[in-house]
Amino acid sequence: MSGIYIHIPFCKQACHYCDFHFSTSLGNKEKMLESLKKELQLRKKEFEKEEVATIYFGGGTPSVLASKEINDLIATVYANYQVVSDPEITLEANPDDLSIQKIKELADSKVNRLSIGIQSFFDDDLKFMNRAHSANEAATCIEEAASYFGNISIDLIYGIPNMSTKRWRQNIEKALSYGIPHISSYALTVEPKTALERFIKKGLLAPLDEEVAQEHFEILNTILEKAGFVSYETSNFGKPGYFSKNNTAYWKGKKYIGIGPSAHSFDGERRAWNINNNPKYIRALLNCSLPQEVEVLSKTDRYNETVMTGLRTMWGVSLKRIAALYGESYQVYLLAQAEKFLNDDLLSLKEDVLLVTKKGKFLCDGIAADLFLLNLEE
């Protein structure tokens with residue numbers, strides 16, 4: 001089973017923390033949509049032996065598209081690919097786009113999962129992040145969406161300056177009050193070339209406090225675990241039966257095609273990425289050319305990625321799988337590098353699977369980096 005990711009590179013306004021590829025101008029939207037359809041058509045041979053189990057609209061802000069435009073893209077997938085009978089079709093959406101009419105239209109489409117970018121239920125936080133919606137819109141859209149969709153995820157951000165632990169707890173409890181089955185939650189981070197980075201460099205904002213972020217992370221895990229959520233990935237929490245199939249496939253190394261400017265693809269051995277420039281992307285596709293670069297991953301690259309994605313999940317990293325995929329020398333190396341983390345109770349070894357402990361969870365990316373193999377002749 002494989003997946004298709006469709007990047008919609010448009011937003012109403014730029015969030016201060018975001019470094020994803022997007023444009024706030026929708027002037028070339030029609031040409032972009034035609035180009036997305038053309039790329040789907042041109043790349044269908046890549047999946048001629050695959051069944052598509054997930055279709056994911058990301059961005060940017062896919063909900064800026066009209067329902068008909070979303071439906072046309074889904075129809076293009078169905079016309080060119082083999083799609084399973086019950087695919088997971090996710091649309092990322094912002095609260096200000098989810099009018100009751102839009103929600104009804106989406107509910108009548110093949111979209112069966114909404115991922116709503118709430119980020120916070122407090123106006124002060126939303127203004128700080130330069131979000132386009134208000135706290136009231138956040139609450140209203142969830143209430144209305146829950147009447148039409150059973151599979152809803154929301155995003156929350158922690159580690160925001162001046163966000164007390166009390167406010168963070170209130171954010172989580174507010175989310176739980178709606179009975180939604182999935183929450184994705186991320187620490188606010190300073191990405192290059194963002195407004196947030198400029199504010200900090202100019203002294204307009206103090207550097208982010210990692211200790212606060214870690215405290216918020218631990219609060220998040222404790223509350224959601226008590227509420228019956230499973231932390232199946234470091235930043236993703238779902239009730240049983242509601243894990244994101246799209247994201248789970250990514251973490252397990254399944255194949256996927258990324259459609260749209262800046263979108264990435266992976267076939268197990270190669271990674272490809274499209275140009276992150278809207279006009280150049282459109283020109284190339286309208287000339288039936290794929291504007292992408294391709295990298296053939298070395299065995300060491302694939303090993304490192306397996307370690308990174310595996311450690312972030314509840315499934316961990318299987319030593320047997322490492323040996324089967326890459327050879328026993330990789331397994332021996334992994335165990336040797338893991339020893340200090342096992343001794344410090346940051347990793348555990350259950351049967352043949354390496355897992356991060358509760359103590360190590362917030363640090364898992366750094367732990368994974370220490371397990372990477374950097375120089376190995378192949």
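Reader: Does L335 count as buried, partly exposed or exposed, and at what relative accessibility?

Author: This model is predicted. Buried means under 20% relative accessible area and exposed means over 50%, with partly exposed in between. The relative accessibility of L335 is 32%, so this residue counts as partly exposed.

Reader: In which helix does L335 lie, and which residues does L335 touch, not counting residues up to four places away in sequence?

Author: L335 belongs to helix α13. Once residues up to four places away in sequence are set aside, L335 touches L319 and L349.

Reader: How are helices α11 and α12 oriented towards each other, roughly parallel or roughly antiparallel?

Author: The axes of α11 (residues 299-311) and α12 (residues 319-326) come within 11 Å and cross at roughly 165 degrees. Angles over 145 degrees count as roughly antiparallel. Therefore α11 is, relative to α12, roughly antiparallel.

Reader: Which residues make the contact of α11 with α12, and how many of them are nonpolar, polar and charged?

Author: Helix α11 contributes K299, R302, Y303 and T306, while α12 contributes R321, I322 and Y326. Sorted by class, the contact has three charged residues, one polar and three nonpolar.

Reader: Why do the buried residues of α14 line one face of the helix, and what covers them?

Author: In α14 (residues 364-371), the buried residues are C364, I367, A368 and L371. Viewed down the axis of α14, these buried residues fall within an arc of 100 degrees, so they line one face. An α-helix has 3.6 residues a turn, so residues three or four places apart point the same way. What covers the buried residues of α14 includes α11, α13, β14 and β15.

Definitions and conventions:
Residues are numbered from 1 along each chain as its sequence is written. This is a predicted model: local features need pLDDT of at least 70, side-chain atom pairs count only at pLDDT 80 or more; totals for chains, interfaces and linings use all residues. Side-chain values use heavy atoms; hydrogens and water are left out. Axes are lines fitted to C-alpha atoms, for helices over the stretch in contact, and angles run from 0 to 180 degrees between N-to-C directions. Helices (H or I, at least four residues) and strands (E, at least two) are DSSP runs, numbered from the N terminus. Angles under 35 degrees count as roughly parallel, over 145 as roughly antiparallel, 65 to 115 as roughly perpendicular and the rest as oblique. Contact means heavy atoms within 4.5 Å. Ala, Val, Leu, Ile, Met, Phe, Trp, Tyr, Cys and Pro count as nonpolar, Asp, Glu, Lys and Arg as charged, and the others, Gly among them, as polar. Buried means under 20% relative accessible area, exposed over 50%, partly exposed in between (1.4 Å probe, protein chains only). The arc is that of the directions from the helix axis to the C-beta atoms.
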